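Subject: Model handover

Hello,

The structure is pasted below, and my notes follow it. Please read them alongside the coordinates.

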Amino acid sequence: MVYSKDLWDRYVEKVEDNFTIKKYPHFDPYFNFPESKDKLHDIVKDITGKAITEHPFLPLVKILIKTPRYRYQENEKKYNLETKIRPISFASHFDNYIFGFYSFALNEIYQYYIRKKGFDDCVLAYRSDLDGKCNIQFAKEVFDCVKGRESCTAIALDIKGYFDNIDHKILKEKWCKVIGKENLPSDQYKIYRTLTKYSYVNKNSILKHFSIKLDKLKKQKVYWQSLLDLIPDDIAGKSFKDKFNLLRQRKLIVTNKPRFNDDGSIDFKGIPQGSALSALLSNVYLIDFDEHLKKLGVKLGFTYRRYCDDLIVICSMEKASEIKDFIINEISDKYKLIIQNKKTEIIDFKPNEKGIIRGFKRQYDIETRSFKSLDNKECNYKNLQYLGFEYNGQKTYIRPGSLSRYFRKMKGRIVKSVMMSYSKNSKSSVINKQQIYHRYSHLGKRNFLQYAYNASKKYYTNSEGVKREGFNSPSIKRQISTHFSIIEQEIKKTSEQRASQLGKTKIKL
């Protein structure tokens, strides 16, 4: 059993620090943790595990998050807009706190395990023992590793559909290994089964099926807490059970099913991305892989780091191909995962024609299925991108895609604010610029611009009051130096356009 009074008290303290009620759409009412935590406590403290094993976990609600981004297309030799679609599955409000408690408890066990085994420096994501470090320090460490070598190669690899392809048998084996048991205790086994043989309802499917318009309900000020509240009683009945039976009858509830392969074998794979425990399990799944890569790195002289499904290795140029092939084969054969060739990058850091260290891409050869080194000419320059930053061998920058996303969101917010100010229901004749500044300028706290400014400094103090190292990068400062004037220009331009469209006098800025 993972429960202890001390553990519970620390979990409560963590949750209640700056607590706000989560109001995402689901099948149960919002859960006010400070007021109702005893209900959760009664379940997780049951030493028999019976309370968890008998708890009826609700189906997840799945949404698709679409992220537009500009990427350089090697074949077309230009930047194109492409959309990344990421499925996120939310547990019910109450269930999420059950997963959250188990994640809190098991994460401490996992972190003790990797420290004891000596590969805790390799795993960067989803940990609570990193002493306030963030992507700035993680990326800086990798870039400093490159700087510390006269010439070297960076291998960046990406696991394809990581959460969807986690093998259930392997996950259970690694989970048992971390907690030091031959089998999972009954309560943890119930959690394991819930997150492997999970069921879900697609949010858009249920809204479309019952012709539910959330925007319309919001305008009409219709109060609701559960998605089930929106299903008409005359169709399904009033009770919770009646409405769920209707969802089952109409096949709106989907279960994660076995996958049948061409050779007749069956795979049981996939955990939902989005539950409070899934992130930890993605680390647990690769404990042996991480440990093996750490030991191999010490032996062969390379540095290995993993941030969830992003892997990076800094090694000698001569060993790069061998190490890359080993990683791809190892993770495929033993963990049933696939490295995306499209996202694999091999970058050589070596002197250019002027003797200055720069990054040079390796070209993928389809015939030989290998990456070939290219001449050290300017046309072959390639920056190493890692955790939102990039390094060219001399300078560090914010990744262009991150900047593009920031400016796109900023302009979208400005358009929305201006339209609200010119609307019939507007209570003010002044555009609310303070909200825009708070979210998208250096005047706000804990936003992208503040993060970028911190990254540009030699040292900065984080939100926890801890002094941390930045990149000391004038290049990053230059990238964001004009952001405030751009905000002002966009507000003015958008306001003038809106006033012209409506035939009104431009309102105060």
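Arg358 lies over the face of Tyr381, 4.0 Å from the ring centre. The other case to look at is Lys39, whose charged end sits over the ring of Phe94 at 4.7 Å from its centre. The rule for a charge over a ring is NZ of Lys or CZ of Arg within 6 Å of the ring centre and within 35 degrees of the ring normal.

This is a predicted model: local features need pLDDT of at least 70, side-chain atom pairs count only at pLDDT 80 or more, and totals for chains, interfaces and linings use all residues. Residues are numbered from 1 along each chain as its sequence is written, and side-chain values use heavy atoms, with hydrogens and water left out.

Helix α2 (residues 33-44) and helix α4 (residues 93-117) have axes that come within 11 Å and cross at roughly 65°. Helices (H or I, at least four residues) and strands (E, at least two) are DSSP runs, numbered from the N terminus. Axes are lines fitted to C-alpha atoms, for helices over the stretch in contact, with angles from 0 to 180 degrees between N-to-C directions. On the α2 side the contact includes Phe33, Lys39 and Leu40; on the α4 side it includes Phe94, Tyr97 and Phe101 (contact: heavy atoms within 4.5 Å).

Phe33, Phe94, Tyr97 and Phe101 are also among the members of one aromatic cluster, which includes Tyr3 and Trp8 as well. Rings of Phe, Tyr and Trp (its six-membered ring) pair if their centres lie within 6.5 Å; planes under 30 degrees apart count as stacked, over 60 as edge-to-face and the rest as tilted. By this rule there are 34 aromatic pairs. One of them is Phe143 with Tyr391, stacked at 5.3 Å centre to centre with 20° between the planes. Phe143 is in helix α5 (residues 135-147) and Tyr391 in strand β14 (residues 389-391), so the pair ties together parts 248 residues apart in sequence. Both Phe143 and Tyr391 are buried (under 20% relative accessible area, with exposed over 50% and partly exposed in between; 1.4 Å probe, protein chains only).

Finally, the sheet. Six strands form an open sheet in the order β8-β9-β3-β10-β11-β12, with antiparallel pairing (two strands pair if DSSP finds at least two bridges between them). Its edge strands are β8 (303-307) and β12 (370-373), and the twist averages 25° from one strand to the next. Strands β3 (residues 152-158) and β9 (residues 310-315) are joined by six bridges; Ile155 has Val313 in β9 as its bridge partner.

Regards
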